[in-house]
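Have the structure open in a viewer and select residues as they come up.

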Amino acid sequence: MAIRVGVADDPEKFLDTDLVVWSDGRGPDPTDVVLRGLTPDQRFAATDDEAPAAPLYAGVYGVFPLTLSIPGPRHTVRQVPVGGLTWVGVHPDQRRKGVLTSMIRDHFARVAYTDWTGISALHASEPVIYGRFG
């Protein structure tokens, strides 16, 4: 499987892939409302080069700017920009094929070459996720 990761050019396909990954039904809200807060340049998708016209992406992820407080000099606190990783999911039929590894490598490369200071932070959107680790 040859995996390519890039900006997701189809918002419907991005959202439909996410809904399959997380087994959520599609609500009545239009795609642009559901994806509000994650602009088109913040949505990324993995595709299988052997099936480029597949109806869903092999995987999806989003990244948006966050601010992280870190210790500064003389007991001060500094605010630094970070790349907030979110909306991560791999299509159930594409798991164990390197899709997630490719997406995370892509994410880290993007974070390293932006003004996010090379730092990535997982933005867990469900209490179950961040409650365990918070």
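Start by selecting Trp87, which is partly exposed at a relative accessible area of 23% (buried means under 20%, exposed over 50%, partly exposed in between, with a 1.4 Å probe and protein chains only). The model is predicted, so local features need pLDDT of at least 70 and side-chain atom pairs count only at pLDDT 80 or more, while totals for chains, interfaces and linings use all residues. Residues are numbered from 1 along each chain as its sequence is written, and side-chain values use heavy atoms, with hydrogens and water left out.

Rings of Phe, Tyr and Trp (its six-membered ring) pair if their centres lie within 6.5 Å; planes under 30 degrees apart are stacked, over 60 edge-to-face, and the rest tilted. Two aromatic pairs are counted by this rule.

Phe14 is in helix α1 (residues 11-22) and Trp87 in strand β4 (residues 77-90), so the pair ties together parts 73 residues apart in sequence. Helices (H or I, at least four residues) and strands (E, at least two) are DSSP runs, numbered from the N terminus. Phe14 is buried, at 0% relative accessibility.

Next select Phe44 and Tyr61. Their ring centres are 5.0 Å apart and their planes at 20°, so this pair is stacked. Phe44 belongs to strand β2 (residues 43-48) and Tyr61 to strand β3 (residues 59-71). Phe44 is buried at 4%, and Tyr61 is buried at 1%.
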